[in-house]
Amino acid sequence: MHDRHTRRFGLGTATALVMGNIIGGGIFLLPASVAPFGTVSLVAFGVLTLGAIALALVFGRLAQRHPDTGGPYVYAREAFGDFAGFLSAWSYWTMAWVSNAALAVAAVGYVHVLFPGHASTGVDLTVALAALWLPAISNFAGTRYVGAVQLVATVLKFIPLLFIAIAGLFFFDADNLGSFHAGGGSALGGLSAAAAFLLYSYLGLESAAMSAGEVRNPQRNVGRATVLGVVGAAVVYLLGTVSVFGTVPHDKLVDSKAPFSDAINVMFGGHWGGMLVAAAAVISIVGALNGWTLMSAQSPYAAAQDGLFPAAFQKKRRGVPTFGVLASAILASALTVINYVSGAGGVFEILVLITTFSATVPYLLAAAAQVYYLLTGRRDEVRTGRFARDLILALVAFGFTFWLVAGAGYAAIYQGVLFLFAGILVYAWMRARRTVREREAAEAPAAAEEAPKGILAP
């Protein structure tokens with residue numbers, strides 16, 4: 001039963017959740033990040049978009065069979081058992097709250113542009129913590145408010161970004177593009193190098209699947225929302241990057257710290273572009289934090305229902321797993337405090353690097369689950385009439401995710417695997433507790449049957 005604070009997400013809100021979680025603060029530096037590789041980076045973006053759409057379609061297929069909260073966790077557990085499910089949930093949970101801390105820190109820089117002054121550690125920490133806890137409060141209020149905030153934030157950040165992207169096409173000058181392949185080596189090498197920077201631009205595409213239990217008609221809407229969200233984000237990414245490439249000279253773009261601001265200044269003159277972009281960036285980050293705060297609680301909530309996470313994560317109020325939201329907000333806050341107070345930037349950077357690998361574990365397991373269903377001929381999980389198409393999509397999605405892993409780099413993979421293995425101890429503890437409870441429950445009826453016999457015996 002739903003109260004007035006709880007409302008299941010419709011297609012529009014679910015799409016906004018996907019798009020809002022994909023588009024965070026990174027888009028505002030994206031054109032400058034890939035400019036050193038030349039316009040071959042646009043080709044890389046197109047290839048990655050196709051891979052992201054394939055993965056989105058796979059999530060849609062899996063959601064038809066398992067329209068439950070937890071998304072990738074549910075798929076992995078149903079296909080491969082508790083251990084695979086736990087690894088998916090553990091990886092996703094840690095990735096989400098560490099990423100939230102990174103987003104909050106990123107928001108501080110844009111707030112300084114809007115409110116220039118003498119920065120201090122205390123002010124920066126306060127702003128970062130506010131960026132974490134305001135979305136958490138929105139989540140505590142219930143899914144009705146989460147959906148409303150996400151929808152408004154997505155519209156507010158989508159409109160200015162799309163305006164810049166479209167307006168830039170009218171000021172487009174091909175002479176600003178530079179060469180197709182600006183770096184050394186082959187064009188294929190440049191494509192791969194650019195892709196390494198772009199690979200994580202679509203993280204968050206699983207958001208509708210992760211919250212499938214809160215989506216109306218999830219068998220239909222999860223897949224549609226995922227694809228629409230990916231396509232919407234791709235339009236903003238690609239048009240925005242093309243417009244900035246065509247308005248800002250290549251030699252200046254390579255060294256730009258605010259490429260969208262530079263593009264606005266070229267198009268309309270003056271220096272007001274920085275303020276506009278900073279405002280859009282703050283809205284974008286707050287919207288992303290609103291959605292990611294909910295995502296950080298959904299995977300452990302589903303795992304806790306199966307006894308693979310502590311039972312406290314099952315607590316749900318107004319459609320939101322409140323303990324999971326609270327735990328993630330506290331952990332992200334602690335990491336943020338460490339970053340500012342202790343000056344342990346190295347520790348913070350290592351943990352953020354780990355998330356780049358951790359995010360891919362649920363994707364790989366979900367794509368592998370679809371391949372498993374198809375190859376084992378489980379007719380109730382797969383529409384047999386679509387076998388060839390679904391198998392190709394699943395293999396493309398798996399390949400795309402494998403590319404994500406490779407693009408993370410050796411350091412991220414090494415540290416991510418160590419962090420993933422650390423979760424095995426948590427799994428052993430939770431599995432042992434569940435086994436003991438099951439054994440006690442099985443022994444209780446037997447003890448109850450023997451008790452009367454003991455009383456009546458002479």
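The legends below accompany several views of a predicted model.

View 1. Among contacts with a separation of 6 or more, 84% are accounted for by residues 24 or more positions apart.

**View 2. The largest nonpolar core holds 136 residues.** Within this core, the residues that touch the most other members are Ile22, Ile23, Tyr75, Tyr202, Leu205, Tyr237 and Phe309. Helix 5, which spans residues 82-114, provides the largest share of the core, with 18 residues.

**View 3. Tyrosine 202 and the residues it touches.** When residues up to four places away in sequence are not counted, tyrosine 202 touches Ile22, Phe45, Leu48, Thr49, Ala52, Val230, Ala234, Tyr237 and Tyr363. Two of these residues, Ile22 and Tyr237, are listed together with Tyr202 among the core residues that touch the most other members.

**View 4. Glycine 10 in the segment before helix 1.** Glycine 10 is found in the segment that comes before helix 1 (11-22), and because its relative accessible area is 9%, under the 20% cut-off, this residue counts as buried. The C-alpha atoms of glycine 10 and glycine 147 are separated by 9.1 Å, although these two residues are 137 residues apart along the chain.

**View 5. The crossing of helix 4 and helix 5 is right-handed.** The axes of helix 4 (residues 72-80) and helix 5 come within 7 Å and cross at roughly 165 degrees; angles over 145 degrees count as roughly antiparallel, and the two helices are therefore roughly antiparallel to each other. On the helix 4 side, the contact is made by Pro72, Tyr73, Ala76, Arg77 and Phe80, while helix 5 contributes Asp82, Ala84, Gly85, Phe86, Ser88 and Ala89.

**View 6. The crossing of helix 5 and helix 16 is left-handed.** Here the axes of helix 5 and helix 16 (residues 360-375) come within 8 Å and cross at roughly 145 degrees. The contact is made by Ala84, Leu87, Ser88, Ser91 and Tyr92 of helix 5, together with Val361, Pro362 and Leu365 of helix 16. Ala84 and Ser88 of helix 5 also take part in the contact with helix 4.

Technical notes
Residues numbered from 1 in each chain as written. Predicted model: local features only at pLDDT ≥ 70, side-chain atom pairs only at ≥ 80, totals over all residues. Heavy atoms only, no water. Contact = heavy atoms within 4.5 Å. Core = buried A, V, L, I, M, F, W, Y, C linked by side-chain atoms within 4.5 Å. Buried < 20%, exposed > 50% of the residue type's maximum accessible area, 1.4 Å probe, protein only. Helix = DSSP H or I, 4+ residues; strand = E, 2+ residues; numbered from the N terminus. Axes fitted to C-alpha atoms, helices over the stretch in contact; angles between N-to-C directions. Parallel < 35°, antiparallel > 145°, perpendicular 65-115°, else oblique. Left-handed = near helix turned anticlockwise from the far one by under 90°.
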